[in-house]
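Reader: I would like to know how the words used for a structure are decided. Could we take one case at a time?

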Amino acid sequence: MNDVYISIGTNIGERYENLQRAIELLMEKDQIEVMRISSIYETAAVGFTDQADFLNIAVYIRTSSSSCEMLKICQSVENELGRVREFRWGPRIIDLDILLYNHENIETESLLVPHPRMYERAFVLVPLIEITPTPSGEQLQRAHETLQQMNWQEEGVTLWKQSADTRLMPSMK
């Protein structure tokens, strides 16, 4: 089984429901077991800033899927939820990014792991660190160390909804 960490964000429509539906779609896949889901954090947009704030979470899954298969699954979830790619860093109904795949460094035409901007973004690191309180592996240790050096509240990351049971987000009300 492979350990995969995914970042999910949304800033169009019913943001909370978009996150819930993305998790449900991942949970429906036979080859995926959702292990942990972070609390939900609200963050200001990065890159193109003239847009609504995002809700962001991190998800830890175990899967028998390869990294390329996981990318296709993430893209299929985005497509099913109506993701339209108008321009880079633009508004989106849902965005799933593979942050880490095992402890591997992957560089293909369509996938870079660890995610190339992961260590620069508090809105990615805060939920990731929440679901990995004891880091294992160089990449997670680096994520923990990087976040310790950031003032993530000053970077516009705020807790939006504390997760009572991070494994059961879709049923939370």
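Reader: How do you know whether α3 passes α4 in a left-handed or a right-handed crossing?

Author: This is a predicted model, in which local features need pLDDT of at least 70, side-chain atom pairs count only at pLDDT 80 or more, and totals for chains, interfaces and linings use all residues. Residues are numbered from 1 along each chain as its sequence is written, and side-chain values use heavy atoms, leaving out hydrogens and water. A crossing is left-handed if the near helix is turned anticlockwise from the far one by less than a right angle, and right-handed if clockwise. α3 passes α4 in a left-handed crossing.

Reader: What makes α3 and α4 parallel, perpendicular or oblique to each other?

Author: The axes of α3 (residues 122–130) and α4 (residues 138–149) cross at roughly 120° and come within 10 Å. Axes are lines fitted to C-alpha atoms, for helices over the stretch in contact, with angles from 0 to 180 degrees between N-to-C directions. Under 35 degrees is roughly parallel, over 145 roughly antiparallel, 65 to 115 roughly perpendicular, and the rest oblique. α3 and α4 are therefore oblique to each other.

Reader: Which residues make the contact between α3 and α4?

Author: On α3 they are Leu125, Val126, Leu128 and Ile129, and on α4 Leu140, Ala143, His144, Thr146 and Leu147, where contact means heavy atoms within 4.5 Å. Seven of the residues in this contact of α3 with α4 are nonpolar, two are polar and none is charged. Here Ala, Val, Leu, Ile, Met, Phe, Trp, Tyr, Cys and Pro count as nonpolar, Asp, Glu, Lys and Arg as charged, and the others, Gly among them, as polar.

Reader: At what angle do α1 and α2 pack?

Author: Helix α1 (residues 15–27) and helix α2 (residues 67–80) pack at about 135°, their axes 10 Å apart. That makes α1 oblique to α2. α1 passes α2 in a right-handed crossing. In α1, Arg21, Ala22, Leu25 and Leu26 meet Ile73, Val77 and Glu80 of α2. The residues of this contact of α1 with α2 are five nonpolar, two charged and no polar.

Reader: How do you know whether Ser67 is buried or exposed?

Author: Buried means under 20% relative accessible area, exposed over 50%, and partly exposed in between (1.4 Å probe, protein chains only). Ser67 has 12% relative accessibility, so Ser67 counts as buried. Ser67 lies in helix α2. Leaving aside neighbours within four places in sequence, Ser67 is in contact with Ile98, Tyr101, Ile106 and Leu111. In the whole chain, buried residues make up 51% of the 173 residues.

Reader: Which residues touch the most other members of the largest nonpolar core?

Author: Ile8 and Met70 do, in a core of 30 residues. The elements giving two or more residues to this core are β1 (2–10), α1, β2 (32–37), β4 (54–63), α2 and β5 (95–101). α1 gives the most to this core, six residues. Apart from it lies another core of 21 residues, among them Met118, Ala122, Phe123 and Leu125. Such a core is a set of buried Ala, Val, Leu, Ile, Met, Phe, Trp, Tyr and Cys residues joined through side-chain atoms within 4.5 Å.

Reader: How many helices and strands does the chain have?

Author: The chain has four helices and eight strands. Helices (H or I, at least four residues) and strands (E, at least two) are DSSP runs, numbered from the N terminus.

Reader: What kind of peptide bond joins Val113 and Pro114?

Author: A cis bond, with omega about 0°. Pro114 is in the loop between β7 (112–113) and α3. Asn102 has a positive phi of about 50° although it is not a glycine. Most residues other than glycine have a negative phi, and most peptide bonds are trans.
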